[in-house]
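Thank you all for making time this morning. I would like to walk you slowly through one structure, beginning with a pair of helices and then turning to its salt bridges.

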Amino acid sequence: MGIPRNTGGGVDMLSERAKMMRDAVEKSQSITDNVVNILGSFDHRLSALDTAMRPTQIRTHAIRKAHGNIDKTLKAAEVILSQFDISRQAEVKILKGPHEDLESYLQAIEQLRNNIRFFSNNKSFKSSDGVLNHANSLLAKAISKLEEEFKQLLLSYSKPVEPDRLFECLPNSMRPSSGSPGHQESSGKNRLSNSIAEQNGAENAVFTPPTLIPPRILPLLHDLAQQMVQAGHQQQFVKIYR
């Protein structure tokens with residue numbers, strides 16, 4: 001007969017290991033349950049926090065939107081105020097008249113026209129009608145002063161030219177000479193021969209036109225005429241020029 005094997009120690013070892021595994025699984029399950037509970041608590045708290053923050057978020061969005069609207073309103077107000085400033089500056093220059101500084105006066109008229117165009121395109125403003133009436137009245141006065149300035153310049157430089165100045169335009173060979181009577185008699189004898197020479201020289205003669213209006217005045221007259229035509233005062237312009 002064989003000797004029976006002692007298997008009690010192996011069974012005990014397996015039982016011990018199985019127990020350790022059960023304990024580990026139970027511990028892991030306990031940890032998992034705790035984590036799930038913690039995460040559930042976090043989710044509940046986050047939901048409560050989101051609910052509590054919702055009114056604040058709505059107010060913040062409304063404040064940001066209001067801030068943007070305020071910025072747009074301020075920028076629009078700055079543009080409008082700048083137009084009022086330009087109008088006042090132009091009015092000061094126009095009331096002074098064009099005689100002292102014509103270039104600055106013409107710039108003021110152009111600024112006033114831009115001002116009129118701006119308020120004509122923005123008639124929704126409360127004061128647009130009043131500003132337009134004042135600007136149009138001021139523009140009419142400005143054009144009237146331009147007409148007077150144009151008239152005065154033409155009168156100042158439209159005086160009759162002295163005959164001596166016209167003779168100065170001729171070449172020396174064609175200018176009349178003022179000599180003694182004897183000289184006039186001798187010149188009469190040689191008139192025929194001199195006339196032939198004068199005819200030959202007249203073809204190559206250089207004539208110098210008289211300066212009726214100084215060169216610095218011509219651009220001023222041009223600018224004045226241009227402004228009058230632009231304002232629709234062609235008839236007044238032609239009447240003054242004639």
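Which residues in helix 3 meet which residues in helix 7? Please keep in mind, as we look for them, that what you see is a predicted model. On the side of helix 3, the residues in question are Ile143, Leu146, Glu147, Glu149, Phe150, Leu153 and Leu154, and on the side of helix 7 they meet Ile217, Leu220, Leu221, Leu224, Ala225, Gln227 and Met228. Sorted by class, this contact between helix 3 and helix 7 is made up of 11 nonpolar residues, one polar residue and two charged residues.

Now to the geometry of that pair. Two packed helices are described by the angle between their axes and by the distance between those axes. Here, helix 3 covers residues 128–156 and helix 7 covers residues 217–230; their axes come within 10 Å, and they cross at roughly 145 degrees. As for the hand of the crossing between helix 3 and helix 7, it is left-handed.

Let me move on to the charged side chains.

In one of them, the side chain of arginine 54 meets that of aspartate 50, with a distance of 3.4 Å from N to O. Both residues belong to helix 1, which runs over residues 8–96, and because they are four residues apart there, about one helical turn separates them. Arginine 54 is partly exposed, at a relative accessible area of 42%, and aspartate 50, at 37%, also counts as partly exposed.

Further along, arginine 88 and aspartate 85 are joined by a salt bridge between their side chains, at 2.2 Å from N to O. This pair, too, lies in helix 1, with the two residues three apart, or about one turn of the helix. For arginine 88 the relative accessible area is 48%, which makes this residue partly exposed, while aspartate 85 is partly exposed at 33%.

That leaves the salt bridge between glutamate 110 and arginine 117, whose closest N and O atoms are 3.7 Å apart. Are these two residues buried, exposed or partly exposed? Glutamate 110, with 31% relative accessibility, counts as partly exposed, and arginine 117 counts as partly exposed as well, at 42%.

With that, I will stop and take your questions.

Key. Residues numbered from 1 in each chain as written. Predicted model: local features only at pLDDT ≥ 70, side-chain atom pairs only at ≥ 80, totals over all residues. Heavy atoms only, no water. Axes fitted to C-alpha atoms, helices over the stretch in contact; angles between N-to-C directions. Left-handed = near helix turned anticlockwise from the far one by under 90°. Contact = heavy atoms within 4.5 Å. Nonpolar A, V, L, I, M, F, W, Y, C, P; charged D, E, K, R; others polar. Salt bridge = Lys/Arg side-chain N within 4 Å of Asp/Glu carboxyl O. Buried < 20%, exposed > 50% of the residue type's maximum accessible area, 1.4 Å probe, protein only.
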